[in-house]
Amino acid sequence: MDAEIDVAAAPSGAGCAECDEAQGWWVHLRRCATCGHVGCCDTSPGQHATRHATTTGHRFMQSFEPGEDWYYDYVTEQVFDGPELAPPRSRPEDQPVPGPAGRVPPTGAATSTEPSSNRGLWWVESGVVVG
Ligand SMILES: [Zn+2]
Ligand SMILES: [Zn+2]
């Protein structure tokens with residue numbers, strides 16, 4: 001398992017790599033523990049963290065939210081404790097949720113409506129990431 005976690009891989013950026021490219025927005029950020037790719041969670045419109053895992057086979061990710069250090073294994077679908085990754089270990093604390101500032105639709109739909117496909121990881125979002 002350790003071979004697939006690279007503690008020296010720096011995060012790809014302060015926000016979801018794909019969303020930043022497409023001027024999109026996200027709810028929570030997840031960091032690939034293998035290559036450092038930062039993607040958005042399954043509550044986000046893009047769900048790029050899960051897409052990254054399925055397209056690359058990188059099975060381990062860690063929360064990229066401040067104060068959170070839990071890992072998730074896409075293969076076993078288990079949350080677990082892993083090693084400390086290269087800093088920074090979370091997005092900037094002043095970045096809003098959902099974020100980033102200026103790109104979230106002003107309707108408020110971001111937090112009140114969950115995508116219908118948000119089934120697989122609902123317990124990660126609601127059970128581990130309270131708030
Ligand atoms: Zn994204
Ligand atoms: Zn990766």
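**Overview**

Analyst: The protein has 131 residues, and 32% of them count as buried. Keep in mind that this is a predicted model.

User: Thanks! How many helices and strands are there?
Analyst: There are 4 helices and 5 strands. Starting at the N terminus, their order is α-β-β-α-β-β-β-α-α.

User: Let's talk about helix α2. Which residues are buried there?
Analyst: Helix α2 covers residues 48-56, and its buried residues are His48, Ala49, Thr50, His52 and Ala53.

User: And what covers them?
Analyst: The cover includes helix α1 (17-22) along with strands β1 (29-32), β2 (38-40) and β3 (60-63).

User: What comes just after α2?
Analyst: Gly57 does, with a positive phi of about 80°.

User: Switching to β1: which way do its residues point?
Analyst: Leu29 and Arg31 point one way, Arg30 and Cys32 point the other way, and all of them are buried.

User: In which sense does β1 pair with β2?
Analyst: Antiparallel, over 3 bridges. In that pairing, Leu29 stands opposite Cys40 of β2.

User: What about β1 and β3, in which sense do they pair?
Analyst: Strands β1 and β3 are also antiparallel, with 3 bridges. There, Arg30 has Ser63 in β3 as its bridge partner.

User: Last one: what share of the contacts between residues at least 6 apart in sequence join residues at least 24 apart?
Analyst: That share is 56%.

Note on methods
Residues numbered from 1 in each chain as written. Chains lettered and ligands numbered in written order. Predicted model: local features only at pLDDT ≥ 70, side-chain atom pairs only at ≥ 80, totals over all residues. Buried ≥ 20, exposed ≤ 12 C-beta atoms within 10 Å, placed from the backbone. Helix = DSSP H or I, 4+ residues; strand = E, 2+ residues; numbered from the N terminus. Contact = placed C-beta atoms within 7 Å. Pairing = 2+ DSSP bridges.
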